[in-house]
Amino acid sequence: MLGWFRALMPREDRFSDLFARHSATLVEAAEALQEVLKGGPDAARHCQVIIDREHEADAITAEVLLAVRRSFITPFDRGDIKDLIQSMDDAIDQMNKTVKAIQLYELRHFEPLMQDMGGTVVEAARLTAEVVPLLNAVGTHAGRINQITEAITQVEGRSDEMQEQGLKALYRTHRREGGDGDAMAYIIGAEIYGHLEDVVDRFEDVANEISGIVIENV
């Protein structure tokens, strides 16, 4: 009877597939965000890619949470699964918020440091997609997992420095000199920098969740 019951429940390897699918949406959305930040007439199309991937990621997150409730066996603690998928979903949600702001202000031109921060988003997303499959065998891959999570943390540090440099450059460009300062341009630019930094912060949250899983399971 127990074997029959377990056969009806979602398999443990289903979580691996769901996490892999979600991490793929993160990479696709991050790459689209990088294209948005290049500006030009194709920005709207790339914004739509991010919006579409965010909807897809939400659906995958819902599948994971349902599987957690239904599964007899999970690859690691149920609470850790829930926290990890939600932190991953927060990252793509923040990308969506970023493009919503870009669309609101009808931006088509972006500062070089904004474009550089887009590169850090892609880097963090790709590292996340690399590390997630390793959770299938935490003990075996603990060393590599720790290397990747540390790399994500380093990416966040570089992104933070870029934000500070970008805000300083914005201030110098738009500070009022002889009445010609553009306060609104500064405010909008600062908001976009803030959104981009928030995206990378969310990836650092993912790295922290994964580090916690390693600590609990090794």
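The legends below describe views of a predicted model of one protein chain.

View 1. Along the sequence, the order of elements reads α-α-α-α-α-α-α. Taken along the principal axes, a box of roughly 80 × 30 × 20 Å holds the C-alpha atoms. Of the contacts between residues at least 6 apart in sequence, 83% link residues at least 24 apart.

**View 2. The largest nonpolar core has 64 residues.** Leu84, Met95 and Phe203 have the most contacts inside this core. Two or more core residues come from each of α2 (13-36), α3 (43-70), α4 (78-104), α5 (112-131), α6 (138-174) and α7 (183-217). The largest share, 12 residues, is given by α7. As a general rule, nonpolar side chains in soluble globular proteins tend to be buried together.

**View 3. Leu84 is shown with the residues it contacts.** Neighbours within four places in sequence are left aside here. The remaining contacts of Leu84 are Phe19, Phe76, Leu135, Val206, Glu209, Ile210 and Ile213. Leu84 is also one of the residues with the most contacts inside the largest nonpolar core.

**View 4. The surface of the chain and its charges are shown together.** The chain has 218 residues, and 45% of them are buried. Its accessible surface is about 10800 Å², and carbon and sulfur atoms account for 50% of that area. There are 22 positive and 39 negative side chains. The centres of these two sets are 4 Å apart.

Key
Residues are numbered from 1 along each chain as its sequence is written. This is a predicted model: local features need pLDDT of at least 70, side-chain atom pairs count only at pLDDT 80 or more; totals for chains, interfaces and linings use all residues. Side-chain values use heavy atoms; hydrogens and water are left out. A nonpolar core is a set of buried Ala, Val, Leu, Ile, Met, Phe, Trp, Tyr and Cys residues joined through side-chain atoms within 4.5 Å. Buried means under 20% relative accessible area, exposed over 50%, partly exposed in between (1.4 Å probe, protein chains only). Helices (H or I, at least four residues) and strands (E, at least two) are DSSP runs, numbered from the N terminus. Contact means heavy atoms within 4.5 Å. Accessible areas come from the Shrake-Rupley method with a 1.4 Å probe; for residues, only the protein chains shown count as cover. Lys and Arg count as positive and Asp and Glu as negative; His and the chain ends are not counted. The place of a charge is taken as NZ of Lys, CZ of Arg, CG of Asp or CD of Glu.
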